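Please consider the following structure with attention to its aromatic rings and its nonpolar residues.

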Amino acid sequence: MLRNFLKLRPATSIHIRTITIPSYKNDTVFNYGKAAEEMAWHRNRLITMPERFEPIGSRRDISEYQLTQLKALARGVCLTNYKGVSMLKTGLDLSVYSQLLQEVKPKSIIELGTYTGGSALWLDDTMRNFGVECGIYSLDCDVSLRDDKVNEMVSNQVKFLEGDTKNVKKLFPRSFLLALPRPLMLIEDVHVNLNAIIEHFHEYLKEGDYFIFEKTNPMLSENFYVGENNPRLYRDSSVVGAKYSEMGKWKMEYMRDFFIPHMDFYAVDTFFTDLYGYNCTSQMNSIFRRMI
Ligand SMILES: C[S@@+](CC[C@H](N)C(=O)[O-])C[C@H]1O[C@@H](n2cnc3c(N)ncnc32)[C@H](O)[C@@H]1O
C-alpha cells in the first residue's frame, strides 16, 4: 500500500509554498502610556465620588444585559470550574467581586450557600492574594454537596458551617456577629428565607459593611441551563437542562420592599453594579453598602 502510494507521487510534486503577507498601512502608534494615566484618573474619580452610592429608590430595575447574553452566561456558569471544583459564578461576577474585595478589604465574609465550596475556595485565595487576613464562614444545609478537594485546599481562615438559614439567629448569634472583625461582607446565595436573613443581619451590620444578594436580575436563568444549541451538553442529564426559564421578579421586588424603607441605612454601590454597564451583574441593584 505504502509502496504504491510512494510510486504515485513523482518527485517533482514537492512544491515550496509561498506566503503572501497582505500590505497594511496603519502605522499609527497608540499612546498607551497616556491612556493608562487617563483610565486611572477616571477610575479614581468615579470611585471617590460620593454619588457612587445611590439609594435603591432612584435606581431602575433594568440591565444592559440582553437575554442572549444572559443565556450565554447561564451556560458558562454551569461549566465554570476553579481548581477542579465547580463554581456558580459568571466571569463578570468574579471580576466585580475581585475588585470589590480589593477595594473594601473585608476582614470577615459570611457566605450563605456553600454548594460545592468552589466560591469559598476562590474567596479564600483572593483575599490571601490581596494580603488581607479575612475569616470566611460559609453555610449550607447540605454539606454533602461540598467537594472533598475543597477541604484540602482552603486555608484555616475558612470555616464551613452546617445549618438551615431559617435558623439564622441561632447559627449566627449576636455575640458572634458583634465580635467579627470589620468590614463584614455578607453574601446571600440561598434564595430562600430572605425575611429571616435580612431581619437578623440588619440588626448587626455596621457602617462600611456590605450586604450582597445574588441572582436578583429577573432574567437570569432559574435552572441549570446549558443552551438549546448544545445538545451534546445536556444529553443524558436529568437536572441540567436545555430549556431556559426566567428567575422572575420576586427577588428584586423583595429587595425593593425591604431596602426602600431602609434607604437611610443602605445604598447601592453603583461603581460595582455598573462596572461593565448598567446592572451588568447577577446582583442587580443589590450590592449594598451600609451607610450608617
Ligand atoms: C446557588 S447554590 C450556592 C452557590 C455558591 N455560593 C457558588 O457561588 O458556587 C445554593 C446553595 O444553597 C443551599 N441552600 C438552599 N437552601 C438552604 C437553606 N435553607 N439553608 C442553607 N443552605 C441552603 C443549597 O444546598 C445550595 O448548596
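This report describes the ring pairs, the charges over rings, the nonpolar core and a surface patch.

The model is predicted: local features need pLDDT of at least 70, side-chain atom pairs count only at pLDDT 80 or more, and totals for chains, interfaces and linings use all residues. Residues are numbered from 1 along each chain as its sequence is written, and side-chain values use heavy atoms, with hydrogens and water left out.

**Aromatic rings**

The structure contains 17 aromatic pairs. Rings of Phe, Tyr and Trp (its six-membered ring) pair if their centres lie within 6.5 Å; planes under 30 degrees apart count as stacked, over 60 as edge-to-face and the rest as tilted. Two of the pairs are listed here.

| Pair | Centre distance | Plane angle | Type |
|---|---|---|---|
| Phe30 and Tyr32 | 4.9 Å | 70° | edge-to-face |
| Phe172 and Phe176 | 6.0 Å | 45° | tilted |

Both Phe30 and Tyr32 are exposed. Phe172, in contrast, is buried, with a relative accessible area of 0%, while Phe176 is partly exposed at 25%. Here buried means under 20% relative accessible area, exposed over 50%, and partly exposed in between (1.4 Å probe, protein chains only). Elsewhere, ring pairs join Phe211, Phe213, Phe258, Phe259, Phe265, Tyr266 and Phe288 into a cluster.

Charges also sit over rings (NZ of Lys or CZ of Arg within 6 Å of the ring centre and within 35 degrees of the ring normal). Arg59 lies over the face of Tyr278, 4.3 Å from the ring centre, and the charged end of Arg289 is placed over the ring of Phe53, 5.3 Å from its centre.

**Nonpolar core**

In soluble globular proteins, nonpolar side chains tend to be buried together. A nonpolar core is a set of buried Ala, Val, Leu, Ile, Met, Phe, Trp, Tyr and Cys residues joined through side-chain atoms within 4.5 Å. The largest one has 29 residues, and Leu100, Ile109, Met185 and Tyr210 have the most contacts inside it. Two or more residues each come from α4, α5 (118–129), β7 (184–188), β8 (210–213) and α12 (270–273). Helices (H or I, at least four residues) and strands (E, at least two) are DSSP runs, numbered from the N terminus. The largest share of this core, six residues, belongs to α4.

Leu88 is partly exposed, with a relative accessible area of 33%.
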